[in-house]
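Reader: I have a model open and want to talk through how its parts pack. Can you take my questions as they come?

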Amino acid sequence: MTVIPLTPEQAVPQPLPADWRDLLALTKPRVMSLVVFTGLCGLLAAPGAINPVLGFTAVLCIALGAGAAGALNQWYEADIDALMKRTANRPLPAGRMTRQTALHFGVGLSVFSVVLMGLATNYVAAFWLAVSILFYVLVYTVWLKRRTAQNIVIGGAAGAFPPLIGWAAATGDVTALPVLLFAIIFLWTPPHFWALSLFVRTDYAAAGVPMLPVVAGNAVTRRQILLYTLPMVAAAIAPWAMGLTGWIYGTVAVALNAIFLWLAVAVSINQASEPTAMVPEKRLFKYSILYLFILFGALVADRLVLA
Amino acid sequence: MTPEQEVELRRRQRSRSRITALLLGLFVVLMFAISMAKMVINQ
């Protein structure tokens with residue numbers, strides 16, 4: 001067979017290898033901070049003491065797993081990321097990396113994090129870490145996100161796994177408290193993301209992502225935010241009400257949830273349609289991040305002080 | 001590939017090699033520490 005060499009015009013230019021900073025950006029470090037924090041809290045709130053080296057490794061594995069899931073999410077969503085202002089400068093839509101690099105990086109990091117978790121701690125934690133990565137990539141990113149306005153509701157479970165994984169790493173099993181911690185984040189996710197999606201609605205609409213405000217409108221979304229806040233409040237207070245935590249967590253949880261509920265009510269009665277007038281939504285979004293940090297911080301403080 | 005791209009390629013290769021070496025070194029230290037911790041727990 002004769003091989004005909006390509007002319008310079010026909011040759012496809014070889015892209016430069018990705019810069020390590022872009023590989024780091026692929027892991028969504030800002031999202032990872034919340035995941036690491038809640039995972040660490042689950043680990044510290046668990047009864048008994050885990051060896052510090054193994055505890056550090058468990059948190060590292062949770063971080064790597066979250067980074068891997070973020071990388072695979074960006075690999076799959078490069079096309080819609082390119083259409084949204086907020087995400088257009090990510091390494092893939094900006095053309096600074098090939099999709100194959102992102103895929104290899106994501107899969108490699110996923111396998112590495114799960115295997116290391118299994119070797120360093122136990123296979124229950126490794127199992128839940130694998131489930132959380134697969135759930136985020138397959139259920140949320142591939143299946144739900146582009147198909148249904150319920151994407152955030154069901155997909156939110158992926159971000160709820162870290163405290164459960166941290167607990168499992170420390171104890172080797174899963175009891176009522178880590179399940180409640182899972183439920184808190186699971187029920188917190190819809191109000192948190194819907195508040196954001198209200199004031200970046202045009203971005204999601206441009207990318208064709210069926211977020212609730214795009215599909216059902218602002219009024220329905222605001223009502224849903226309030227409706228989801230109610231079970232979230234119940235789940236957040238349940239650990240104290242069921243006697244699984246002490247008064248420190250109970251006091252903080254009641255105060256934080258009262259404020260959350262008040263802000264959610266403010267959102268539900270707001271009728272603004274312009275992002276600039278969506279002050280209650282922006283306030284709820286910012287507060288929801290603070291809420292989760294303080295609530296889980298209180299859980300750890302409760303365990304360390306009262307145990 | 002233009003000379004500028006060639007320079008950029010080499011720069012990226014160097015920086016990636018350094019990061020890879022650093023991560024491998026940290027991985028070795030981590031595996032050593034995990035082994036020590038497991039030995040302490042099992043004593």
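Reader: At what angle do helix α3 and α6 of chain A pack, and how far apart are their axes?
Author: This is a predicted model. In it, α3(A), residues 52–76, packs against α6(A) at an angle of about 20°, and the axes are 10 Å apart.

Reader: What about α3(A) and α5(A), how do their axes cross?
Author: Helix α5(A) covers residues 99–120, and its axis comes within 8 Å of that of α3(A), crossing at roughly 155°. That angle is over 145 degrees, so the pair counts as roughly antiparallel.

Reader: Left-handed or right-handed, that crossing of α3(A) and α5(A)?
Author: Left-handed. By class, the contact of α3(A) with α5(A) has 17 nonpolar, 7 polar and 1 charged residues.

Reader: Back to α6(A). I clicked on V139(A); which helix is it in, by residue range?
Author: V139(A) belongs to α6(A), which runs over residues 123–144.

Reader: Why is V139(A) classed as partly exposed?
Author: Because V139(A) has 17 other C-beta atoms within 10 Å, and a residue needs 20 or more to be buried and 12 or fewer to be exposed.

Reader: What is V139(A) in contact with, sequence neighbours within four places aside?
Author: L144(A), I154(A) and G155(A). I154(A) is 15 residues from V139(A) along the chain, and their C-alpha atoms are separated by 8.3 Å.

Reader: Changing topic. Which domains does the assignment give for chain A?
Author: The domain assignment has domain 1 at 20–171 and domain 2 at 175–307. The C-alpha centres of domain 1 and domain 2 of chain A lie 21 Å apart.

Reader: And how many residues from each are in the contact?
Author: Domain 1 of chain A gives 26 residues to the contact, and domain 2 of chain A gives 26. On the domain 1 side, the elements with two or more residues are α2(A), 29–45, and α7(A), 151–171.

Reader: Which of them gives the most?
Author: α7(A), with 10 residues on the side of domain 1 that touches domain 2. That side of domain 1 divides into 17 nonpolar, 5 polar and 4 charged residues.

Reader: What about chain B, what is its secondary structure?
Author: Chain B has 1 helix and 0 strands. Its C-alpha trace spans about 60 × 10 × 5 Å along the principal axes.

Reader: What share of chain B is buried?
Author: Buried residues come to 0% of the 43 residues in chain B.

Definitions and conventions: Residues numbered from 1 in each chain as written. Chains lettered and ligands numbered in written order. Predicted model: local features only at pLDDT ≥ 70, side-chain atom pairs only at ≥ 80, totals over all residues. Helix = DSSP H or I, 4+ residues; strand = E, 2+ residues; numbered from the N terminus. Contact = placed C-beta atoms within 7 Å. Axes fitted to C-alpha atoms, helices over the stretch in contact; angles between N-to-C directions. Domains from an automatic or database assignment. Nonpolar A, V, L, I, M, F, W, Y, C, P; charged D, E, K, R; others polar. Parallel < 35°, antiparallel > 145°, perpendicular 65-115°, else oblique. Left-handed = near helix turned anticlockwise from the far one by under 90°.
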